[in-house]
Amino acid sequence: MWRKQNRKFSLYFRIMGLVMLIVGIGLIVDGIGNYVDQSRQKDWITTSATVTDVSSEEGSSSSLHNSHITYYIMTYEYVVDGKTYTGSTGRMSSPRLVGDTITVKYDPEMPEENTAILSPNTRDLVVLLILGTAIAVVGFFLSGGVELFRNLLRKKHTEEPKESVPKTDIGFDSTAIAKIPAKQWVPRLAAWLLAFVAVILFVKFFLTSGAADLDEFRNAAVATGYTAVDSTEDVRQRWGVGSMLIRSVSVHEDSLRLDFCRLDSADGCRRIYAAATLPITGEVTESNTAARQIYAVDSPTNFAAKIRSGRMMLYVYTTQEDKADVLAFLESVGYWGK
């Protein structure tokens, strides 16, 4: 039974090695292909383009410390000989707001062909070559490539004495890991998985407990006596965030403005929060906890604040006279106080 289990583990490692080998080679080919394509665009003409939309998406990171990274994709338009063309950037590490001007290149013979990469990206080429080579080498060892190569050499030199052939395999033994008793690694793996799930549940249900979502916020505002309306398109234009803003609900009255927004990524929300400015100056109050981040300003006549929690951001502006009522409402929906 144990021998069958060893064979099964050995087969798993070989299959995993083949997959890694294919992925590694694919990364190398992709990196070289992209660099060649970018080199052929050196003669393209540069021009100014206007960002018309921005969105974000999360992907896996090659870093050992960060499992996810947020990328931003901008849609833009530019004019050539009186005709408007559109294009989009690839994945970028930081966003630009709607209405910002960026520099792009286009093919003078086919103006609709364009790119936001102005010069061949040597860094991406090096990263893909190193990463692809590392993955391919590990995959080569796991798949038994070394053993296969040695067997081919043995067949080629069958006329040589057997003593000339090493008796020990200096390559990676894909069955070595399978020889570890299950009672050693199964409990450890289960413990790590349970700890990971516990952390996710803690963040999701404890740190964010009590914080209202958009519909709950709207219902609570109406129950308090405020008029809450959908303001998605209005906030997208005023903030210049485009499709990064999924939805927003606002309360706009004579002495009060509340904009409650959901962004498409936590990193995008963090960046918008950091860039947001408040319309008044005065005494500053800051609070940074695991659940939320608050920056508030008190002037003699007004109160303003920006609040962030995960992908949610809240903008507040009111008078000192109405401040207590507004903060009581925010506390009731989980965005103020303890």
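**Sheet and helices in a predicted model**

Me: Which strands does helix 6 lie across, and at about what angle does helix 6 run to strand 7?
Reply: In this predicted model, helix 6 covers residues 232-239. This helix lies across strand 6, strand 7 (245-253), strand 8 (256-263) and strand 12 (312-319). Its angle to strand 7 is about 95 degrees.

Me: Which strands does helix 7 lie across, and at about what angle does helix 7 run to strand 11?
Reply: Helix 7 is formed by residues 266-275. It lies across strand 8, strand 10, strand 11 (302-309) and strand 12. Relative to strand 11, helix 7 runs at about 160 degrees.

Me: What is the order of the strands in the open sheet of seven strands?
Reply: The pairing in this open sheet is antiparallel. Its seven strands follow the order 6-7-8-12-11-10-9.

Me: Which residue is the bridge partner of threonine 285?
Reply: Strand 9 pairs with strand 10 (residues 293-298) in the antiparallel sense, over six bridges. The partner of threonine 285 lies in strand 10 and is alanine 296.

Me: What percentage of the residues of the protein chain count as buried?
Reply: The chain has eight helices and twelve strands, and exposes about 21,000 Å². A residue counts as buried under 20% relative accessible area. Of the 338 residues, the buried share is 33%.

Terms used:
Residues numbered from 1 in each chain as written. Predicted model: local features only at pLDDT ≥ 70, side-chain atom pairs only at ≥ 80, totals over all residues. Heavy atoms only, no water. Helix = DSSP H or I, 4+ residues; strand = E, 2+ residues; numbered from the N terminus. Buried < 20%, exposed > 50% of the residue type's maximum accessible area, 1.4 Å probe, protein only. Areas by Shrake-Rupley, 256 points an atom, 1.4 Å probe, with all protein chains shown as cover. Pairing = 2+ DSSP bridges. Contact = heavy atoms within 4.5 Å. Axes fitted to C-alpha atoms, helices over the stretch in contact; angles between N-to-C directions.
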